[in-house]
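Reader: Please pick one part of this model and look at it closely. Then set it against the rest of the chain. Keep it brisk.

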Amino acid sequence: MGWKTLDDMDLRGKRVLVRVDINVPVENGRVTDDTRIRRIVPTVHDILEKGGKPILLAHFGRPKGKRVQDLSLLVVKPALEAALARKVVLAETLEAAETGTDEIKAADVVLLENIRFYPGETANDPDFAQRLAGLGDIYCNDAFSAAHRAHASTEALARLLPACAGRLMQAELSALEAALAKPERPVGAVVGGAKVSTKIELLENLVNRLDLLVIGGGMANTFLAAMGAQLGKSLSEPNFYGTAKDIMAQADKAGCRVLLPVDGLVAREFAAGADHEVIQLGPDTVLDIDQMVLDAGPNTVELVKDAFAGLKTLIWNGPMGAFEIAPFDTGTVAAAQEAAQLTRDGALISVAGGGDTVAALNQAGAADDFTYISTAGGAFLEWMEGKTLPGVAALGG
Ligand code: ADP
Ligand code: MG
């Protein structure tokens, strides 16, 4: 934890360059989900209260180094002003920000136009970063979700000015450190979702650091099939049977207990309310050619709940079944509610991340009770894979 926070900086009269992630979904010129905008409010308010002037740096979509009018941050400005309860002035160009129009000079909060309009941003160009540095006295990174990219506004700039983490970055890093860097033990994880192939590095890192790994979802099929099970038309990746065996061997060596499904909800079609049955699963299982495992079965859920009871810390990435269609959300929902209950009881620290994971936990009504829910997607995964995130490293983290 080498990084500084806003508490360590003297902000009075200072121009604070704040990297934020307000890359929100927009339809017909309106922001349809302002979650990311609301999450940066504490940082901006804090800077204002401490007498600083926030100058926000943000990207929007992928303009690829060119000015694309459809990707102007102008569309986000009203939602940003509403969330901050303040007027925000958009500096349409770097030149405007540098010269400072009267409006920009008078503004409480300045928003620099889409930083990815400049090719120097994604190139992490030192000259471009130097130009950005000229706009401020202090750098504050509040965009953990962009920290896995070494871009000028996330990496090079941090090395040119006194730098600190914003409140959201601070919360995210603290939660992730509490979950994996120095967790209260025993610490376990649920890793589910569709495919082993997208989560190899995650699994390899986790088995070497955790006491327990619950493997669920489609990827559990690959593990069972690697051990000899014939799972019909279940989602499975034959090219990764070797990987699955390697991960089991690594877990064994590292003393990480791996929990695989012992039963599943099996159907012949993936449709709402499809006919389904509970089938016991193991290396000897042979399903019909048109059957597929779509969710964890009741015995598996009981084993998972028992395992949770022995943990102090739980990390969750990936649903335990094809939760989008009932009843194949049953296993994920039951396990999520158990984790939520243990967290409410003060018995568990629970940290979750991943696009579908967050959707599944919301569907289970469990998300609010989790200790921390990361909305950072790619950055969350890379952190859990044990990778150094350039944007965090540049803060001294
Ligand atoms: P996240 O976005 O949280 O990282 P993933 O993208 O890895 O999660 O996985 C989510 C997807 O995995 C969901 O669309 C879900 O339907 C699918 N999935 C989970 N279990 C199964 C299964 N048994 N068969 C098919 N798909 C599954
Ligand atoms: Mg996903």
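**A close look at phenylalanine 128**

Author: Start with what phenylalanine 128 touches. Setting aside neighbours within four places in sequence, its contacts are Leu94, Ile115, Tyr118, Gly120, Glu121 and Ala152. Bear in mind that this is a predicted model. Phenylalanine 128 sits in helix α7, which covers residues 126–133. Is the residue buried or exposed? Its relative accessibility is 7%. The cut-off for buried is under 20%, so phenylalanine 128 counts as buried. Valine 110 gives a sense of distance. It is 18 residues from phenylalanine 128 along the chain, and the two C-alpha atoms are 19 Å apart.

Now the wider setting. The chain is divided into domain 1, residues 6–167, and domain 2, residues 183–384. Their C-alpha centres are 37 Å apart. Where they meet, 5 residues of domain 1 contact 9 residues of domain 2.

Next, the nonpolar interior. In soluble globular proteins, nonpolar side chains tend to be buried together. Here the largest nonpolar core has 99 residues. Ile22, Leu80, Leu112 and Phe144 touch the most other members. Helix α8, residues 167–181, gives the most to this core: 7 residues. Why does the core lie between the domains? Both domain 1 and domain 2 give residues to it, so it lies between them.

Beyond residues up to four places away in sequence, leucine 80 touches Ile22, Ile37, Ile40, Leu56, Val88 and Leu111. There is also a second, separate core. It has 28 residues, including Val214, Phe308, Ala340 and Ala364.

Aspartate 295 is in strand β14, residues 292–296. Aspartate 295 is buried as well, yet it has no salt bridge. How far away is the nearest side chain of opposite charge? That side chain belongs to lysine 305, and it is 12 Å away. The nitrogen of glycine 331 is 2.8 Å from a polar atom of the aspartate 295 side chain.

Phenylalanine 128 is buried, and its place is in helix α7. Ala152 and Leu94 are among its contacts.

Definitions and conventions. Residues numbered from 1 in each chain as written. Chains lettered and ligands numbered in written order. Predicted model: local features only at pLDDT ≥ 70, side-chain atom pairs only at ≥ 80, totals over all residues. Heavy atoms only, no water. Core = buried A, V, L, I, M, F, W, Y, C linked by side-chain atoms within 4.5 Å. Buried < 20%, exposed > 50% of the residue type's maximum accessible area, 1.4 Å probe, protein only. Helix = DSSP H or I, 4+ residues; strand = E, 2+ residues; numbered from the N terminus. Domains from an automatic or database assignment. Contact = heavy atoms within 4.5 Å. Lys, Arg positive; Asp, Glu negative; His and termini not counted. Salt bridge = Lys/Arg side-chain N within 4 Å of Asp/Glu carboxyl O. Polar contact = N/O pair within 3.5 Å; in protein donor to acceptor, adjacent residues only side chain to side chain.
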